[in-house]
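Visitor: I would like to learn how to read a protein model, one feature at a time. Where do we begin?

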Amino acid sequence: MQEKQIEKDALKQEIVNQIKYRFRKNIQDASKQEIYQGICFALKDFIIDDWIDTHKIYEEKDMKTVYYLSMEFLMGRALGNNLINMAAYKEVAEIMEELGVGDIYNLEDEEPDAALGNGGLGRLAACFMDSLATLGYPAYGCGIRYRYGMFRQKIENGYQMEMPDEWLKNGNPFEIERLEYAVEIKFGGRVDTAFDENGKMYFIHRDYESIQAVPYDMPIVGYKNGVVNTLRIWDARPMQSFDLDSFDRGNYAKARENKNNARSIVEVLYPNDNHYTGKQLRLKQQYFFVSASVQTAIRKYMQHHDHIHGMADKVCFQLNDTHPTVAVAEVMRILMDEHGLEWDQAWAITTKCCAYTNHTIMAEALEKWPIDLFSSLLPRVYQIIEEIHRRFALDIQKTFGEGTDKLEKMAILYDGQVHMARLAIAGSFSVNGVAKLHTEILKNQELKDFYAMMPEKFNNKTNGITQRRFLVHGNRELSDWIIKQIGDGFITNLSELEQMLPLVDNKKKMKEYAAIKKENKKRLAGYVLEHNGVKLNVNSMFDCQVKRLHEYKRQMLNILHVIALYQEMKANPKGNYCPRTVIFGAKSAPGYERAKQIIKLINNVAYVIDQDKNIGDNLKVVFIEDYKVSNAELIFAAADLSEQISTASKEASGTGNMKFMLNGALTIGTMDGANVEIIEEVGEENAFVFGLSSDEVIAFEQNGQYHANDIYGQNAVLKKALDALVDGTFIKEGEDRNLFGSLYNSLLQGENGNFADRYFVLADFDSYVQAHKRAEELYADQEAWTRKAFLNICHAGKFSSDRTIQEYAEEIWKLEPVK
């Protein structure tokens with residue numbers, strides 16, 4: 001397809017008209033929010049022509065389509081990304097200047113981040129959508145239109161507080177409601193059997209709760225190619241929104257009960273599931289968007305085909321982790337109950353349509369549902385899962401023989417639970433990990449029995465990121481500089497960054513690059529001063545760890561090192577120290593108390609250090625509130641050191657590591673996840689590697705020979721840092737002296753049947769400290785540091801999501817790009 005050029009004067013007039021007719025204002029009288037909306041609606045008018053043309057070509061050519069099913073799409077802001085991919089950023093910036101209404105950069109701040117995701121899972125899905133459109137592959141992203149996201153994080157007295165993220169308060173100008181594609185979703189009730197005139201049994205779902213799923217479509221614009229794919233997110237509504245009879249009898253709450261019940265499905269991402277109703281709501285959410293998406297995909301297929309039997313040649317459902325796994329049973333339900341197929345026919349189609357991506361090695365993250373909950377909420381789907389389980393159990397016994405323990409490890413229904421990852425593996429034709437190490441651990445450890453039974457299903461697809469978001473948009477100065485050096489080919493072929501390698505020996509060019517990094521640090525320092533009230537030394541090392549808060553990601557290791565640094569500075573105030581600014585950004589799940597304690601500890605340490613005037617600029621700690629895509633872009637561009645310090649064998653991939661690398665940060669990290677491949681690309685001499693290997697961690701877990709207390713007793717620096725958790729050093733006035741006692745105990749005593757320090761913080765502490773000393777020594781030589789930082793950028797080409805999607809499309813989905 002060909003990109004259509006946007007005529008600047010026409011766009012300028014359309015922006016003026018949108019503001020005039022939507023808000024009854026001339027542009028000079030409009031607010032920033034109204035101008036932002038005017039730009040978005042004007043752009044959407046241009047996008048829609050390409051959107052219609054794209055899907056018309058897909059239909060005319062009968063192109064195979066992937067439906068990417070994901071609980072999360074962490075899209076970030078849409079305006080800037082759309083402007084870049086439409087090659088209209090410069091033109092709109094000029095239009096704003098000509099109209100005298102401010103610059104486009106400030107207007108972008110009027111857009112809230114779309115609250116459709118939380119962590120790496122959702123951001124990966126967003127990167128994939130960008131790459132699918134840029135490469136011209138037919139695709140729908142399918143998820144939920146959360147009204148309040150996961151939450152907006154507010155830090156009060158160091159504690160995480162969860163507030164509603166009201167991102168839809170002013171509407172979403174790029175979305176389009178599609179009532180014509182609304183579908184019915186059924187929950188609860190019972191299933192009866194009956195027989196038709198030929199004696200064939202069929203199933204009748206009765207007495208169910210009925211919810212209407214209404215899609216909202218958002219355009220996903222490819223880079224300068226005229227392709228516009230669709231992110232389809234589902235809203236939930238009652239089939240009957242208002243009970244007038246109840247209202248007339250004075251029962252006003254009952255009159256709105258249906259509406260409230262429906263809305264609860266789409267209000268929050270990952271509701272707290274520490275209780276039965278929370279678990280029920282999570283399962284409802286998963287089935288809601290999966291059923292709506294699968295129903296719509298199959299209907300769309302049938303509109304252009306005479307029979308259902310060829311569906312696997314034209315439709316693929318990619319399950320982004322275990323959340324959408326119910327799709328396996330839902331496809332079966334529709335094929336059998338609505339299209340009349342026999343089991344074997346339906347199973348043959350389903351297992352050629354479904355593919356599964358595993359994103360975690362953590363056993364507790366592989367979803368399981370109590371059978372009583374699942375069967376009562378989804379009775380017909382559960383019947384189908386029972387039969388899948390029965391047949392799969394026979395296959396297991398046929399492969400491994402009877403009398404083994406394989407059913408315990410592989411059966412879909414076991415110990416009163418529905419094991420969703422096992423269902424995904426049984427029902428998919430492809431099972432992929434997301435980094436080489438992760439995939440090998442799946443094959444040799446976590447899923448080794450499945451691999452032994454069906455090795456042909458397993459493959460690796462190392463994750464990637466879109467350079468258009470995290471370099472071209474997030475680091476404009478660097479992107480423009482790169483274009484001057486080697487042209488703009490890297491925007492769609494990131495491996496072209498290797499063409500800059502000769503520049504590493506050009507002192508003038510390295511000074512130019514270093515100056516860009518300095519400006520980015522000033523930009524982040526301005527953000528921190530505005531939001532945290534802390535003034536940063538931009539000549540200090542910006543040492544950054546920004547990611548979801550989980551114990552295995554080991555923010556605890558980082559803050560213990562900070563405590564040790566602080567204690568060293570207190571003990572030797574005249575020492576010669578490398579000035580360091582340690583920047584954290586993280587959200588904890590609302591019900592994850594340990595993670596929330598770590599956030600509190602980080603903030604208390606930050607407060608104590610900031611109040612200690614003897615420390616000065618030698619050490620600062622900053623916690624970025626409400627970490628999200630828009631402020632992440634500032635952090636990636638400014639970072640010197642990238643903290644990728646997960647316990648080896650626990651991180652599936654990580655993509656923050658790639659974003660930091662692309663923006664010229666050096667990695668300090670374990671050989672875990674995609675760190676392994678980053679080190680392969682850039683060379684261990686251009687990073688700071690430390691810690692136990694994945695094999696060593698797994699061996700300790702299996703042999704029980706790890707003793708954290710021995711390390712505590714032998715390392716005086718570590719002991720002093722740990723003791724500070726319980727000696728009152730970081731306790732504010734009025735707080736309980738034992739506030740951090742449970743963190744201390746978890747590292748030395750263990751809890752809930754786990755051995756002490758289950759994520760090997762103490763084991764890796766000394767190695768981590770030594771790696772930081774190597775980083776400090778290098779940072780003192782700014783020319784040498786700049787050289788290594790620049791080499792990281794040059795070797796980042798492998799980690800584009802364009803490469804990842806090309807592999808998915810060619811090796812799993814078998815898609816053809818639109819021409």
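Visitor: How many helices and strands does the secondary structure of the protein chain come to?

Guide: This is a predicted model. The protein chain has 33 helices and 23 strands.

Visitor: What radius of gyration would a compact globule with 819 residues have, and what does the protein chain have?

Guide: A compact globule with 819 residues would have a radius of gyration near 28 Å, and the 27 Å of the protein chain agrees with that. Along the principal axes, the C-alpha trace spans about 95 × 75 × 65 Å. Of the contacts with a separation of 6 or more, 77% are between residues 24 or more positions apart.

Visitor: What share of the residues is buried, and what is the accessible surface?

Guide: Buried residues are 61% of the 819 in the protein chain. The accessible surface is about 32100 Å², and carbon and sulfur atoms account for 46% of that area.

Visitor: Which residues is Ile39 in contact with, leaving aside neighbours within four places in sequence?

Guide: Ile39 is in contact with Ile15, Leu79, Val92, Met96, Ile104 and Leu107. Of these, Met96 is also named with Ile39 among the residues that touch the most other core members.

Visitor: Trp785 was on that list too. Which residues of α32 are buried?

Guide: Trp785, Thr786, Lys788, Ala789, Phe790, Leu791, Asn792, Ile793 and Cys794 are the buried residues of α32. The length of this helix can be checked: at 1.5 Å a residue, the 13 residues 782-794 should span 18 Å, and the end C-alpha atoms are 18 Å apart, so the two agree.

Visitor: Now the sheets. What is the strand order in the open sheet of six strands?

Guide: In general, strands of a sheet pair through backbone hydrogen bonds, either parallel or antiparallel. The open sheet of six strands has the order β20-β19-β18-β21-β22-β23, with parallel pairing. At the edges stand β20 (619-624) and β23 (688-689); each has a single partner strand, so one side of each has no neighbour in the sheet. Inside the order, β21 (residues 641-644) runs parallel to β22 and is joined to that strand by four bridges. Glu643 stands opposite Ile668 in β22.

Visitor: Is Gly669 buried or exposed?

Guide: Gly669 belongs to strand β22, residues 666-669. With a relative accessible area of 3%, Gly669 falls under the 20% cut-off and is therefore buried. Leaving aside neighbours within four places in sequence, Gly669 is in contact with Gln644, Ile645, Asn675, Phe688, Val689 and Phe690. Glu643 is 26 residues away along the chain, with a C-alpha separation of 6.2 Å from Gly669.

Visitor: Which are the edge strands of the open sheet of three strands?

Guide: That sheet has the order β13-β15-β14, with antiparallel pairing. The edge strands are β13 (368-370) and β14 (413-414), each pairing on one side only. Three antiparallel bridges connect β13 to β15, residues 417-419. Lys368 has His419 in β15 as bridge partner.

Technical notes:
Residues are numbered from 1 along each chain as its sequence is written. This is a predicted model: local features need pLDDT of at least 70, side-chain atom pairs count only at pLDDT 80 or more; totals for chains, interfaces and linings use all residues. Side-chain values use heavy atoms; hydrogens and water are left out. Helices (H or I, at least four residues) and strands (E, at least two) are DSSP runs, numbered from the N terminus. The expected span of a helix is 1.5 Å times one less than its number of residues. Buried means under 20% relative accessible area, exposed over 50%, partly exposed in between (1.4 Å probe, protein chains only). A nonpolar core is a set of buried Ala, Val, Leu, Ile, Met, Phe, Trp, Tyr and Cys residues joined through side-chain atoms within 4.5 Å. Contact means heavy atoms within 4.5 Å. The radius of gyration is taken over C-alpha atoms; the globule rule is 2.2 Å times the number of residues to the power 0.38. Accessible areas come from the Shrake-Rupley method with a 1.4 Å probe; for residues, only the protein chains shown count as cover. Two strands pair if DSSP finds at least two bridges between them.
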